[in-house]
Amino acid sequence: MTTVVAAVVAGCTAGPSVRPAVIDNDGKPDPGSSASAQPVPLPPLTEPRSPSIKWDDCDEATRQRLGQPSVPDTLKFACARVPTTLDAPDLPGRGLSRLSVVKTGGGPIPLVVVNDVDGEPGSLYAARLAATLPPEFLQKFSLIGVDRRGTGTSAPVQCVPAEIRTDLLGGDPAAGDLESVVDAARKAGQQCAIELDDSQVAMDSWRAAGDLEELRQQLGLDKLHALGRGDGSKVLAEYAVRFPAQAGRMMLDGLPDPAPDGTAVQEAVAASAQATLDAFGADCIARGCPIGDARSAVTAVADRLRSASVTTTDGAEITPGIALYAVYSGLAQRSRWVELAEALKSAQTGDVTPLAAFAEPVLKDSRARPSRLDGTLATKCNDSATRLSAEELTRVTTTLREKYPQFGVLAAQQLAWCSPWPVRREPLPPAGAPGAPPILVAGTATDPVTPEQGTSRAADQMPSAVTITWQGAGHGALSLSPCVADATRAFLIDGKVPVDGTLCPA
């Protein structure tokens, strides 16, 4: 493993490994083996040379996209459209695409920011992140938020009919099968195949990593310095595999599980979502919770919606499945836990509008705010090789529902989404990026989106990964843990690599 420099970080301690037991063909290479590459030092920070990107002021437009709550007036925003290669396998001439990026902060070094494909577009996530980071970040770096291909304003995928989006999220937590979800997935797959044509299979993390390489060149950088959150971290990990010599200082906040068995990955998501619900409940009780027991409250809301159709104030029908998705989305956003508790309280009395707001970004679709579901469907299905038969899916759904009453079916329905989607034909090289410099990988002990065990497994496959774990709950540690923020600052700005296995208290 790469030799690291011990850095004492306030509030952080070196602790015992929290990684899972050794798995066959898993784990970092033995330092003494012939397969191990010579350690690569952390590269220096150098200013861009001859950048070709033209930035335009978009401060007002970005604030309108951010909505409320917005960010401080001290942050200013500039936008650019970056031409990149679409590179779909069957697309004649390879085609061109346009990547939308937003810059904020006054530092001389561009720091690229990539978010979850089903989360807020990277341009907006970077803007909100900038408001939470220590001032030193924006003195050293300009954050370059990227709307990854098919999302936000980067030629967003908009191929799923509105009524089908509702059905895709409609997996009832009490259901023993997902026939209606499978049917919706089939219709969505057919419509996306028609509308996307050859570019259907061009929406994936591997090609998104290629977009970042073209962005690096146009930014005039020798190395790509970057932050990734959730499966945005997967894009950066694949960048390090494809372009190890161009990998700069990278921090991956919640790296997804690389296991090829999608069923096992989704079971871990269901288990972690249940654990996050319990953590939310404990936090709620500590604040004088208005809903009582969290599990009981969620179950009661689902039961109420099952017995009587309920609509929001704008006429949208909310099913038990959509309500569970809304709760799951709220659990991932630790900063909105107070809002989630109040929304559950309202839903218990029949007003589902506040709870439905958590699902609105995937259910509603417009030119200004594309649904996040379409790009998620395309990217995650292209990234996954798991396709289950109807019988296998029913068996998995029954098992997960029994083990995880609130979130088992929700996790299973994502397996159903991909059942009619074409499987990637091109082989990918093995994970690991042995030629990359040290990469900081942060995990969160209770993360409903990227469970810590999966993040640890992913880090174990990367010879140069150095891990730090926040012992809290929510999705992503950087904006939630001062300890992780300090370690990230020391790593990205000062070039200090923390002790592998560092723990940060909740």
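**Close-up views of a predicted model**

**Figure 1. Both faces of strand E5 are covered.** Buried means under 20% relative accessible area, exposed means over 50%, and partly exposed lies in between (1.4 Å probe, protein chains only). E5 spans residues 109-114, and six of its six residues are buried. Strands (E, at least two residues) and helices (H or I, at least four) are DSSP runs, numbered from the N terminus. This is a predicted model, in which local features need pLDDT of at least 70 and side-chain atom pairs count only at pLDDT 80 or more, while totals for chains, interfaces and linings use all residues. Residues are numbered from 1 along each chain as its sequence is written, and side-chain values use heavy atoms, with hydrogens and water left out.

**Figure 2. Strand E5 pairs with strands E6 and E7.** Two strands pair if DSSP finds at least two bridges between them. With E6 (residues 141-147), E5 pairs in the parallel sense over five bridges; in this pairing, Phe141 is the bridge partner of Ile109. With E7 (residues 224-229), E5 also pairs in the parallel sense, over three bridges. Here Gly228 of E7 stands opposite Val114.

**Figure 3. Ala316 lies in a loop between two strands.** The loop runs between strand E9 (310-311) and strand E10 (317-318). Ala316 counts as partly exposed because its relative accessibility is 30%. Apart from neighbours within four places in sequence, Ala316 is in contact (heavy atoms within 4.5 Å) with Val310 and Thr311. Val352 is 36 residues from Ala316 in sequence, and the C-alpha to C-alpha distance is 9.9 Å.

**Figure 4. A disulfide is formed by Cys58 and Cys79.** A disulfide is a pair of cysteine sulfur atoms within 2.5 Å, and the whole structure holds five. In this pair the sulfur atoms are 1.9 Å apart, and the link is right-handed, with 80° about the S-S bond. The pair links distant parts of the chain, 21 residues apart: Cys58 lies in the loop between strand E2 (56-57) and helix H1 (59-66), and Cys79 in strand E3 (residues 78-85). Cys58 is buried because its relative accessible area is 10%, whereas Cys79, at 21%, is partly exposed.

**Figure 5. A disulfide joins Cys483 to Cys504.** The S to S distance is 1.8 Å, and the link is left-handed, with -60° about the S-S bond.
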